[in-house]
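Colleague: I should like to go through the terms used for this structure and ask what each of them rests on. Please set each value against its cut-off.

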Amino acid sequence: MDVLLTDEQEMIRETARSFLEGECTPQLVRAMEADPLGYPPELWRKAAELGWQGLSLPEAYGGSEMPLVYLGLVLQEVGRAVAPLPLHSTAVAALTIAEAGSKAQCEAILPGVVSGDTILTWAFTEEDPRLRPEAVAMNAVQEGDHYLLSGRKMFVDDFVAADKFLVVCRTAPARSGSAGLSLLLVDTKAEGLSHKPLTTTAKDKQSEVTFNRVRVPVANLVGRAGEAWPVVERMLDRAAALLCAQMLGAARKDAEMAFDYAKMREAFGQPIGAFQSIQHICSDMVIWIDGGELLTYEALWRMDEGLPHAVEVSQAKAFCNEKCLASARNAQIIHGGIGFMMELDLHLWYRRIAAWGMRLGTTYDHRARVAAALIDFPGEVVLGQPVPVAGAAAEPERERRVA
């Protein structure tokens, strides 16, 4: 992976930053925390005019078909501005439909996503918060040409704004491993659906969604019935890596606000940034954020290249969970007592970094995934080389490369 941005990538990033600096103020962010929809439709429309929603979608449906790295750069700027846009949830669901959906499903959904007319999201988490197949208990019983969905999903992003969402459910009893899981495209206005807003640290729009025998056409099945786990796993990996990009954007801006304050705030006749203890804290913040960027963009690059990427995604998420939050806490320390006041804009960034770090897998979940890749297979681990696979018939996806 080339760690330096190309001229085109730099242009994408600068365009996104310039746009959001002009269109998304802290006042707008605060207003959207209290807004029922949670996002400004006018800003969403302007984002569509810039091509953000279709940035990595196929050209056949109006998208730009750019690598995920480009979408990561845009989402990093969205995080930097803590912009209240349902871009992450829409992009993750749309990319999954583009990968595994039928031609009819892609033609029906993706052009609307690209134009900004359709907002999507997805639902996986239930009572068991782990991102594992056995955590899915939602039942889908086939009745004629429909499935009947019953159960409950937690922490569904942007449900109140979405038109449709991808639901991970169980169409057959679990026999072994990930068998029995399916992915259904569900209308958010379907009869039998109800939702309850959840109060989160970030004050964004998360919902608890209850399904009471919700009828979904069999034609809305994305991929094969009972064999959805590989598709779902890739969806979760994309979601985690892209969320890391958002976290890093927010952490970078949060750190820059702290640096500016350290240059301005005086104590004992000089700026507090002149004190070595503050300088050490600031240096740590830069190192952490830079390190998170390297891990995140390596994971996105490996996805673009079609290479095994599970370990890289988990390395990035585990690192960003810890270090982005540590950087935000340091920013508050530099600000002193006012850093903990809700009225200070710094708090907008802190709350989102803290919340995003708990989504799509905790540090411990992702460290366990990396550890499993290292210790589950016999053989010598060589830095930079694929981890040996047990048995000649082992799945290629089980190969793991340690960065």
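Predicted model: local features only at pLDDT ≥ 70, side-chain atom pairs only at ≥ 80, totals over all residues.

Colleague: What makes α7 largely enclosed by the rest of the structure?

Modeller: A residue counts as buried under 20% relative accessible area. Of the 36 residues of α7, 28 are buried, so the helix is largely enclosed by the rest of the structure.

Colleague: How does the span of α8 compare with what its residues should give?

Modeller: The 30 residues of α8 should span 44 Å at 1.5 Å a residue, and the end C-alpha atoms are 43 Å apart, which agrees. After α8 comes Gly-306, with a positive phi near 70 degrees.

Colleague: Why is Ala-47 called buried?

Modeller: The cut-off for burial is under 20%. Ala-47 has a relative accessible area of 1%, and is therefore buried. This residue is found in helix α3, residues 41-49. Its C-alpha atom is separated by 9.5 Å from that of Ser-115, 68 residues apart along the chain.

Colleague: What makes the contact of Arg-13 with Glu-10 a salt bridge?

Modeller: The term requires a side-chain nitrogen of Lys or Arg within 4 Å of a carboxyl oxygen of Asp or Glu. The closest N and O atoms of Arg-13 and Glu-10 are 2.6 Å apart, and the pair forms a salt bridge. Both residues lie in helix α1, residues 7-23, three residues apart, about one turn of the helix. An α-helix has 3.6 residues a turn, so residues three or four places apart point the same way.

Colleague: Why are Arg-13 and Glu-10 called partly exposed?

Modeller: Partly exposed lies between under 20% for buried and over 50% for exposed. Arg-13 has 21% relative accessibility and Glu-10 has 28%. Arg-13 therefore counts as partly exposed, and so does Glu-10.

Colleague: How do you know that Glu-33 and Arg-351 meet in a salt bridge?

Modeller: The N to O distance between their side chains is 3.0 Å, and the limit is within 4 Å. Glu-33 lies in helix α2 and Arg-351 in helix α10, so the pair ties together parts that are 318 residues apart in sequence.

Colleague: What makes the pair of Arg-252 and Glu-293 a link between distant parts of the chain?

Modeller: The side chains of Arg-252 and Glu-293 meet in a salt bridge of 3.0 Å, N to O. Arg-252 is in helix α7 and Glu-293 in helix α8, 41 residues apart. Both Arg-252 and Glu-293 are buried. Elsewhere, salt bridges that share partners join Glu-127, Arg-152, Lys-196 and Glu-208 into one network. The structure holds 27 salt bridges.

Colleague: What makes Val-3, Leu-4 and Leu-294 a nonpolar patch?

Modeller: A patch takes residues with over 30% relative accessible area and no salt bridge, and joins nonpolar side chains within 5 Å. Leu-294, in helix α8, has 46% relative accessibility and counts as partly exposed. Val-3, Leu-4 and Leu-294 together have about 310 Å² of accessible area, and form such a patch on the surface.

Colleague: What makes a space a cavity and not a pocket, and how many cavities of 30 Å³ or more are there?

Modeller: In a cavity the probe fits but cannot get out, whereas a pocket is open. A search of the whole structure finds two cavities of 30 Å³ or more. The largest cavity holds about 370 Å³ of space. Its lining has 25 residues, and Ala-83, Leu-85, Asp-158, Asp-204 and Trp-356 lie nearest its centre. α2 gives the most to this lining, with three residues.

Colleague: Which residues are closest to the centre of the second largest pocket?

Modeller: The second largest pocket holds about 540 Å³ of space. Thr-125, Phe-155, Met-358, Arg-359 and Leu-360 are the closest to its centre, of 25 residues that line it. β3 gives the most to the lining of this pocket, with four residues.

Notes. Residues numbered from 1 in each chain as written. Heavy atoms only, no water. Buried < 20%, exposed > 50% of the residue type's maximum accessible area, 1.4 Å probe, protein only. Helix = DSSP H or I, 4+ residues; strand = E, 2+ residues; numbered from the N terminus. Patch = residues over 30% accessible without salt bridge, like charges linked within 9 Å, V, L, I, M, F, W, Y side chains within 5 Å. Areas by Shrake-Rupley, 256 points an atom, 1.4 Å probe, with all protein chains shown as cover. 1 Å grid on protein atoms, 1.4 Å probe; cavity = no way out; pocket = protein on both sides within 12 Å on 5 of 7 lines; lining within 4 Å. Points joined across faces, edges and corners; volume = space filled by probe spheres on them. Expected span 1.5 Å × (residues − 1).
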